[in-house]
Amino acid sequence: MGIISRGFGGRRRESIPGLPPGQYLTHDFPVLSAGPTPRIPLDRWSFTITTETGAKSSWNWTEFTALTSEDVTVDIHCVTKWSKLGSTWRGVSLDTLLAEVDTAADYTMVHSFGGYTTNVPLEDLLDSKAWIAYKFDGEDLEPEHGGPARMLIPHLYFWKSAKWVNGLTLMNEDEPGFWEAAGYHMYGDPWLEQRYQGD
Amino acid sequence: MNPLDGNAMAGDLRELFTVDVTAARYTCAGCGHADAVATLILWGQEMGQVGRCPHCTDVVVRVVQAPDRVFLDLRGSVRLELPLAGS
């Protein structure tokens, strides 16, 4: 009679709380770039929300950093399978930025300096689920990690958390952004392993 | 992270084509610059390969490798000119 030794295959990933399927833990902060790192002087930085009717709301750096900010501790999950748990950020909630914006749109396109884009449903930016972060681990956000400011949408794969963010366009219909147009999933839920189109 | 040149895309593109695409000529949709795919500035990273025009830095080609599929996005290229074997 054989004895089945459970757990002989090593520690199962699913046994680590907070780690979505197919992910592994890292304590580093890997950098993925699809182009040169933009260096944006703070006096030339701005963030603009454009509604589906073309109405614009804009903040320069001074105005943006004067908004109420929040310290958040979140887990982040990259589609290339690394996850970093308990990362600490400071940023402005999208609830704050969108509070005065009049829109009936359901979708958004996030825009960055350098031309990067990524699409996110509007409801995924609301109710304390998304921030524009400008500090990481208590320090100013470095350019290689998206500084001066990046999107932080921790419940979606991290390509949705666009680096060097400079705007948000509200849209009536969903459209693919930079990676989505090249085969990645339109939504990108790490708990459902929505990595590529059709997943 | 430092970019490579388009030669480093040869492996992924071989999965799609039976010819060596790095020898093909692209025409950039952004600026009209034309040259061999091998001369693109390649930002090869784990999410996918991004080939940018060395003249205007616009994205000319994106190659994304999924476990069971390869995606090729050529919207940044007006056309691709491939030499025929034996010519």
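Select S112(A) and the residues around it: apart from neighbours within four places in sequence, S112(A) is in contact (heavy atoms within 4.5 Å) with A162(A), K163(A), W164(A), V165(A) and N166(A). The model is predicted, so local features need pLDDT of at least 70 and side-chain atom pairs count only at pLDDT 80 or more, while totals for chains, interfaces and linings use all residues. Residues are numbered from 1 along each chain as its sequence is written, chains are lettered from A and ligands numbered from 1 in the order in which they are written, and side-chain values use heavy atoms, with hydrogens and water left out.

S112(A) belongs to strand β6 (residues 107-112) of chain A; strands (E, at least two residues) and helices (H or I, at least four) are DSSP runs numbered from the N terminus. With a relative accessible area of 6%, S112(A) is buried. Here buried means under 20% relative accessible area, exposed over 50%, and partly exposed in between (1.4 Å probe, protein chains only). Display the side chain of S112(A) next, which reaches the backbone oxygen of K163(A) at 2.7 Å.

Move to D43(A), in the loop between β1 (24-25) and β2 of chain A. D43(A) is exposed, at 71% relative accessibility. A distance drawn from its C-alpha atom to that of S87(A), 44 residues apart along the chain, spans 28 Å.

Now select W89(A) and W179(A), which touch the most other members of the largest nonpolar core, a set of 60 residues. Such a core consists of buried Ala, Val, Leu, Ile, Met, Phe, Trp, Tyr and Cys residues joined through side-chain atoms within 4.5 Å. Elements of chain A that each supply at least two residues include β2 (46-50), α1 (61-66), β5 (82-93) and β11 (165-171). The greatest contribution, 5 residues, is that of β8(A). A second, separate core has 13 residues, among them V37(B), C53(B), V60(B) and V63(B).

Turn to the interface, where 18 residues of chain B are in contact with 18 residues of chain A. The two chains bury about 1700 Å² between them, 64% of it on carbon and sulfur atoms; this is the accessible area (1.4 Å probe) lost on being put together, summed over both parts. Show R69(B) and D199(A), whose side chains meet in a salt bridge at 3.6 Å, N to O. A salt bridge requires a side-chain nitrogen of Lys or Arg within 4 Å of a carboxyl oxygen of Asp or Glu. The rule finds 1 salt bridge across this interface. On the side of chain B that touches chain A, β4 (41-45), β5 (48-52), β6 (59-65) and β7 (70-73) of chain B give two or more residues, with the largest share, 4 residues, coming from β6(B).

Remain in chain B and select D73(B), which is buried at 7% relative accessibility. Its side chain meets that of R75(B) in a salt bridge of 3.1 Å, N to O, and R75(B) is exposed at 55%. D73(B) also forms a salt bridge with R62(B), the closest N and O atoms being 3.5 Å apart. R62(B) lies in strand β6 and D73(B) in strand β7 of chain B, so this pair ties together parts 11 residues apart in sequence.

Finish in chain A with D71(A) and R90(A), whose side chains form a salt bridge at 2.9 Å, N to O. D71(A) is in strand β4 and R90(A) in strand β5 of chain A, 19 residues apart. D71(A) is exposed, with a relative accessible area of 57%, whereas R90(A) is partly exposed at 31%.

Notes
Polar contact = N/O pair within 3.5 Å; in protein donor to acceptor, adjacent residues only side chain to side chain.
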